[in-house]
Amino acid sequence: MSAWPESLTSFPLEPLITKAHENRTLSAIVTEFAVTQGVSVRLPFVAQKQLQCEWCWAAVATSVGLFYGTGNWTQCEVATEQINTMIKADKIRHCCDGLAQSDCNIDGYLFFSLDQVRSVDRWSPFRPAPSQLYGKLSHDKQLVCFRIAWLPTKKRAHFTTICGCTDPSQGGPFLIETSDTLKDYPGATLAYDDFPMNYNGASGEWTDTFYTAGRFAQTTACGNGERAIVSINNGGDCASLILRGGQLFSNVGRIDYLSKSVNWGQQTAVGVGTLGSIGLDDAGNCVALYTKNDRLFYRLATLDPATRTLSWGAESDYGSGQRNSLAMMDHSVFLEAHEDQGILYTRAGWLRGDDKIDWDTRKPFDNGILVGIAASGGKSCVELHAGVGDDAGNLFATPGKIDFLRQKVEWGKTQAVAVGSRGGVTLGAGVRCMLSFIGNGSTCVRSGRINPETNAISWYPVQTLARADDVDIAIDDLGRCVLICSDRGSLNSLVGRY
Amino acid sequence: VPLVFPNPPPIDHAFLGRRLAQIAASNLSGAPGQIAGVEVEKLSYASPHQYWYSSDDAVIANKLLADAVAKSWRFLLCEGRTGVGEIEITLNQQPQVSPAIAVHAGPAAQLSIEALAIAETIPEVRNENVEPRFLRIPSLHFAAIWLHREGFDRLIPISAVQPKLASLQVYREAQVRQAMLARAARSDEFIARRR
C-alpha cells in the first residue's frame, strides 16, 4: 500500500447520510429510498478503456458490439476499417500494427463505427426524455450513447454511454450512470438534469444521441406449425410457408421495423406437400416450392396490395427431387436448388406471367442433403447444405457468381460453417449473408460477408437465440431480417438485422 | 502540514445526504447499499480540494493555468486508506441550494492520493504551504494534481494519456504545456466529425 499523505484527513461517510435523515439507520434509509424510487436499471455493460487518446469512438463502438454479442470486435480493427473507409481513404493503414500513434490516433465517427459492429439503431439530434431513456434501458435492454462537446469552445468532443438509470415515474430525482472509456474515469452517477453540464470535471453540451440495438427483438407468436419458411421483400412485406400436419399453409405479414415486429394476417391453405420454400419479390410475385413423393412442385401467387393476401394458382410438377429451395431476384427471375439422390442441383427459373415458370436445365454442384439457396442482385448467390457420411452433423456454405447467359453458377470455396442440423440461408445487397440453423436445440444465427473478388465468405461468430426445433431466415437489401422459428409446434417470428 | 486543503463554502448537507442515499438505494454506482462499488459503512471521505478545468485554447495561448476555472469541489472516497471513488459537488450561485452531485468510481482517487503523497516530498512544498487542486483538461484527457501557491505551480499527472508525460511525476506548467501543445493545436480538425 502506498503512503497516506500526512496532510489528508478522512471522515466516515455514513453520518453524512444518516444526519440528513434524523439519524435513522443507514439500512432503513436505503430501504425506504429503494421502495420510493422504484426499480432502477443498470445494464451489465463496462466500456473498454480507449487504447489511444483519440479513440473514444472506437472504444465505445467496440464495447457496444461486444455487449450485444455481434462479433469479436477490437478497437484497432474498428479503427482500421473506419479510418480507411470513412476518414482518410488516401492510403491503407493498419491500426493494429503499431501505426496507432501517428496515422491511426485520430478522431472518428461513432455512428459509422456502431454500424460497423452491427449495433446501431438510429441517430438523433435530440436529448431523450427521462421516460424514453428508462424505456430503452429497462424494457429494451439497449444502451444509449451520446456525444458531448466540451464547453466553452466546443472544438473537442467525447463519446460515452449511459448504461443505467432510476425510474423517472416514481417522482424522485432521475439519476443516470455512464460508463466511460477514459483511463482514469470509468463514468459517473449523477442527476440527468446536471448532465453533461457537470461531467468529468467540466461543462459539456449534449449534441447527438446514438440509440443502439442488439440484432433481434422479442419473438412474436405467429400460429402453429412443425416448420416454416420465410421470405421478405424490400417493401416491408413478408410471406411464410408453413407445414402443419402434412398440409401447407401460407401467411402474409407486414413488418414494422420501428416496433420490430410482424403483423401477420390470416393463413391460407396451399395444398398437401412437404416444405419447400417460398419467395416474395418487390413486385409482389410469390413462388411456393414443395415436394410430394420425391417429385418437385410449385405454385405461383401475386400479393394483393389491398388485402395483403395471396391467391395461389394451380400446382405444377417440375421434376424429381426433394427439399427444394428458391431465392427471388429482380425481374421475375429466381434461383432454385434441390436435392436428388444425394446430389445437389441448381437452376434459374423465369416467371412467364401466365402462372407458369420457364426452367433452365438443372446442374449438379455438390453432394449433400437439405439444401438452401440465397441470391442477391442477380449476381451473387450462396448455397447451404447439410453434410452426409463423415460430414454428417455439419453445415456447409458455398458462395457463387451467377452467369445467366451461360446458365450456370461459378461456385467458390465450400466452407464448414456450423455444427448443426437443417439451416436456412439468405443474402442481401452489399454482400451481406446470414445463416440460421438449430444448434443444441437453440436457434443460431451467423452473419457473413462475401468478398466478391475472391468469391469467399468471411464469417462472424455464431449468435445463439431462443430454443427452437426449426428455423429459417430472410434478409432485405437494407440488412433487415426476419427469423421464423418453430418450438414444439408453435411458430414465432423475430425481426432483426444483419 | 505542507498541503493546506481549503475549506469549501457552506454545502447543503441535507441535500447531499439525500442524494447519496438515493444513489445508495439504487443499483447505480454499485449494488444497492453501495456507493462507488463499496458498502457505504466502509466508506470515508477525505478533506476536499477544488476541481479546476482548463481548455485546449488555454494550452495554445500559453495560459494553461492562468485561464483555468474552478468548477467544483472534489471529495475523495476511500475504503480504509485506498481511494475508490470521488464525490464531485458543483455549487450553484446560492451554495446552499441543490448542488450538482456526481459520484465517480475508478482509479483517479487512488492515483490522487499517491500524487498527494509525492507532493509532500517536494522541498518547495515542505517549506511553504501549498494548496492542492485537481486540474482536468477534458478535451485533451489530461488530469493532474495541481500544487499552487503565489508564484509556485507544479503538476503531477495522474494519467499518462500524453505520451510525453509520465503518471505521478512532477512537472512545471511549461513542460506540461509543451507536451500537449501539438495535440491542442489539432482541435480544429475534429470539429466537423460529429457522428
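How many salt bridges does the rule find across the interface of chain B and chain A? The count is five, in what is, please keep in mind, a predicted model. One of them pairs K155(A) with D57(B), whose closest N and O atoms lie 3.2 Å apart. On the chain B side, helix α1 (residues 13-25) gives the largest share of what touches chain A, with 12 residues. Sorted by class, that side of chain B holds 41 nonpolar, 18 polar and 18 charged residues.

Let us step back to the interface as a whole. The size of an interface is often given as the accessible area lost when the parts come together. Here the area buried between chain B and chain A is about 6,600 Å², and carbon and sulfur atoms give 60% of it. In terms of residues, 77 from chain B are in contact with 77 from chain A.

Strands cross between the chains too. Strand β1 (residues 10-12) of chain A runs antiparallel to strand β3 (residues 43-46) of chain B, and three bridges join them. If you look at F11(A), you will find its bridge partner in β3(B) to be Y45(B).

Finally, turn to the cysteines. Over all chains, the rule counts two disulfides. One of these is formed by C76(A) and C96(A), with sulfur atoms 2.0 Å apart. The torsion about their S-S bond is about 95 degrees, so this disulfide is right-handed. The pair links distant parts of the chain, 20 residues apart: C76(A) sits in helix α4 (residues 75-87) of chain A, while C96(A) belongs to the loop between α4 and α5 (100-104) of chain A.

Terms used
Residues numbered from 1 in each chain as written. Chains lettered and ligands numbered in written order. Predicted model: local features only at pLDDT ≥ 70, side-chain atom pairs only at ≥ 80, totals over all residues. Heavy atoms only, no water. Contact = heavy atoms within 4.5 Å. Buried area = accessible area lost by both parts, 1.4 Å probe. Salt bridge = Lys/Arg side-chain N within 4 Å of Asp/Glu carboxyl O. Helix = DSSP H or I, 4+ residues; strand = E, 2+ residues; numbered from the N terminus. Nonpolar A, V, L, I, M, F, W, Y, C, P; charged D, E, K, R; others polar. Pairing = 2+ DSSP bridges. Disulfide = S-S within 2.5 Å.
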